[in-house]
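I set out to record what I looked up in this model, entry by entry.

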Amino acid sequence: MPKRVETLVLHDSSTPVIGDTEHGGAVVVTTLDTLFNQARANALWPLTFGLACCAIEMMSTVAARFDLARFGSEAFRATPRQADVMIIAGRLSKKMAPVLRQIYDQMPDPKWVISMGACASSGGVYNNYAIVQGADQVVPVDIYVPGCPPSPDALMYAVIKLQNKIKHQAMKTNKSMSILELKPRELEEVKA
Amino acid sequence: MSFDVFRDVAKPIVSGFGITARRLKADKVTVQYPEERREQFPRTRWRHVLTRYDSGLERCIGCSLCAGACPAKCIYVEAAENTDEARFSPGERYSHRYEINMLRCIFCGYCQDACPTGAIVLRQDFELANYEREDFIYTKEMLLEPIR
């Protein structure tokens, strides 16, 4: 899927961006950003969205052996209105895709998506007419977890990595704070 | 039958906490993941590694049998000829490009079974999650074991 350029934060030193002191943002706002990001990152409530066998590993992640509650993510919610992060666990069929999109739209901002397992991330072995070849064709995915299915510790690693991402986001735009984090290839796309 | 405070309230509470107290002596089951890792099973299959011989030459001969065995069709191999000036593997050919799409891969280990020289093996490094789709095309440089 080609990368959409409008998702990037376009600015230079002459255009101040909220939450970015290096490029002229206010100090108060960046401090608030840190506070909000800590609160958001350490209380990620996942949405119960088990689609296939990956859901078994997702349930195992919150059980006693691995205990996702240590990272504040034990409260799985059955309603999208109370959830922060959607864990797409399993293959996403084309019939399920509009449902997934609707549930994602019902989640309140800020929201994040973990694509768990080979099938949700790319279709995996199911390269056929029935399966969406990657959940990022339907919703914006923040982090991908390879594996078939990923073990509970692999999912926990993804949650920790997602927390790191959230801690570096600007509060208002919900986008990455600095353009310096982008890779050179993307910068070339922006210039072109 | 009348209501008795001791029998109906105090006794169930005490016996209930008794179960909790007895469980306190049991071993703790939680693995404190980022600080400590659980022991992986010996045949756990995770991240692929392209191994070398003790001499430092690559084991991979670019035969594409792994790509043929792969049920997800996530391996791409492009072979090239070895020359005396540039020798990568002991045989005639070596893999010039070797790419695995980690998002497609289902870690079944069929590539490991199919490999005639034991070049590709699946090791126990499971921390593969990443932010961008492009990061999951593992090239030969990422897969190849460093020279010992």
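**Interface of chain A and chain B**

I searched the interface of chain A and chain B for salt bridges, and the rule finds two. I note that the model is predicted. One bridge I looked up joins A:Asp153 to B:Arg38, with the closest N and O atoms 2.8 Å apart.

I then listed the contacts: 40 residues of chain A are in contact with 28 residues of chain B. For the extent of the interface I took the buried area. The two chains, A and B, bury about 2900 Å² between them, and 57% of this area is on carbon and sulfur atoms.

**Second largest pocket**

I looked next at the second largest pocket, which has a volume of about 210 Å³. Its lining draws on both chains: from chain A I noted A:Glu57, A:Gly147, A:Cys148, A:Pro149 and A:Ser151, and from chain B I noted B:Arg43, B:Thr44, B:Arg45, B:Trp46, B:Ile106 and B:Phe107. By class, I recorded five nonpolar, three polar and three charged residues in this lining.

**Cavities**

I counted four cavities of 30 Å³ or more. The largest cavity holds about 90 Å³ of space. Of the 15 residues that line it, B:Cys60, B:Cys63, B:Cys66, B:Tyr98 and B:Cys115 lie nearest its centre. I recorded its lining as 11 nonpolar, three polar and one charged.

The second largest cavity holds about 60 Å³. Among the residues that line it I noted B:His48, B:Pro71, B:Ala72, B:Ile75 and B:Gly109, as well as the cysteines B:Cys70, B:Cys74, B:Cys105, B:Cys108 and B:Cys111. By class, the lining of the second largest cavity has 10 nonpolar, two polar and no charged residues.

**Sheet in chain B**

I looked up an open sheet of three strands in chain B, with the order 2-3-5 and antiparallel pairing. Strand 2 (75-81) and strand 5 (137-138) of chain B each have a single partner strand and stand at the edges, so one side of each is left without a neighbour in the sheet. Strand 3 (residues 93-101) of chain B is joined to strand 5 of chain B by two bridges, and these strands run antiparallel. I noted that B:Ile100 stands opposite B:Tyr138 in strand 5 of chain B.

Terms used: Residues are numbered from 1 along each chain as its sequence is written. Chains are lettered from A and ligands numbered from 1 in the order in which they are written. This is a predicted model: local features need pLDDT of at least 70, side-chain atom pairs count only at pLDDT 80 or more; totals for chains, interfaces and linings use all residues. Side-chain values use heavy atoms; hydrogens and water are left out. On a 1 Å grid over the protein atoms alone, a cavity is a set of points where a 1.4 Å probe fits but cannot get out, and a pocket is an open set with protein on both sides within 12 Å along at least five of seven lines; lining residues have an atom within 4 Å of a point. Grid points are joined across faces, edges and corners, and a volume is the space filled by probe spheres set on the points. Ala, Val, Leu, Ile, Met, Phe, Trp, Tyr, Cys and Pro count as nonpolar, Asp, Glu, Lys and Arg as charged, and the others, Gly among them, as polar. Two strands pair if DSSP finds at least two bridges between them. Helices (H or I, at least four residues) and strands (E, at least two) are DSSP runs, numbered from the N terminus. Contact means heavy atoms within 4.5 Å. Buried area is the accessible area (1.4 Å probe) that two parts lose on being put together, summed over both. A salt bridge is a side-chain nitrogen of Lys or Arg within 4 Å of a carboxyl oxygen of Asp or Glu.
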